[in-house]
Amino acid sequence: MKINALASYQTGESLKDYSFDPGELQDYDCLIKVLACGICHSDIHMIDNDWGNSRYPLVPGHEVIGEVVELGSQVKHLKIGDRIGIGWQMSSCLQCPDCLKGNENLCDQNQGLIVEGYGGFADYVKLDSRFAFPIPKGIETEAAGPLLCGGITVYSGLRYGGMSSGQEIGIIGIGGLGHLAVQFASKLGNSVTVFTTSQDKAEFAHQLGANHVVVVPPGESPPPPTRLLDIIISTVPTSLDWAAYIEYLNSDGTLTLVGVPDAPLTLPMSLLLNKRRRVMASPIGGRAMIVEMLSIADRFGIKPIIETFPLQQANEAMQKVRENKVRYRAVLKVS
């Protein structure tokens, strides 16, 4: 068969028609008919080869929701017609200590869907079924895709940062990642403080479930804290006055970064040492964590705020994402 897709043929190029033969299904493979696919800034990074690992023609799309149409001989956990989702990761070795502990996302041999394969800006996707996840019935198709990238990124970062319930959680940024982090933290029974840059975003944060908001104009530092936090998760891709934010952490508090700053972090050691605070970073999540995240999202009605576009308008949608004009996640409706 031929898969029809949209691809970038060289660095930074707009998407054009592309077709390819996916080859025969192996034992654990599955083929899905794509229903919807989210657009993430990581798709743009890959198109622009910002990370130096892009291969062209490059078919973007790693927030894929589709219907199973064909299964390899050894696939037992899926059946034809299942609605499943695919995130950033398409495979790992499944044998190393990280994989055996459920941290497949940390495997040295992990492969990204749009790094080693072809993504969801297409009518079909073929991949290892062990990295395909059934979507709970309560999650709408168009809303499900961003949960498999933005959703798992913040959920995993919060969980490994120590989030449970009854805590004080700080969230820096209220964009594509932050608006999901607020929902996960608040609906799991935590008091949420959001740090954002404007009053209108402050009002939006309260609507999402934030208890407190600190407005920090761009380029400025937050005011001295009046309440201390157990965890702060930063969802923004910029450098901030990290020392000022560390001051907001209680003893044994954690600053977790899921947004990637544009410069190295610089911190006085005394701020960490005196209160036994720590700094960590977190990428997506392993398979078990993704299943847990989807279950939580279904149970508590957590969903991204999305703008939808037909696949034929993929270039226009990508440009809106580049210009940060989408509120808050863009999704392509494929079929």
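Does Arg159 count as buried, partly exposed or exposed? Arg159 counts as partly exposed because its relative accessibility is 26%; buried means under 20% relative accessible area, exposed over 50%, and partly exposed in between (1.4 Å probe, protein chains only). Before going on, note that this is a predicted model, where local features need pLDDT of at least 70 and side-chain atom pairs count only at pLDDT 80 or more, while totals for chains, interfaces and linings use all residues. Residues are numbered from 1 along each chain as its sequence is written, and side-chain values use heavy atoms, leaving out hydrogens and water.

Arg159 forms a salt bridge with Glu292, with the closest N and O atoms 3.3 Å apart; the term means a side-chain nitrogen of Lys or Arg within 4 Å of a carboxyl oxygen of Asp or Glu. This pair links distant parts of the chain, 133 residues apart: Arg159 sits in helix 4 (residues 141-160) and Glu292 in helix 9 (residues 287-300). Helices (H or I, at least four residues) and strands (E, at least two) are DSSP runs, numbered from the N terminus. Another salt bridge joins Lys79 to Asp82. Here Lys79 counts as exposed at 53% relative accessibility, whereas Asp82 counts as buried at 15%.

Now find the open sheet, where 6 strands follow the order 12-11-10-13-14-15 with parallel pairing. Two strands pair if DSSP finds at least two bridges between them. At the edges, strand 12 (212-215) and strand 15 (278-281) each pair on one side only. Inside the sheet, 5 bridges join strand 10 (residues 168-172) to strand 11 (residues 191-196).
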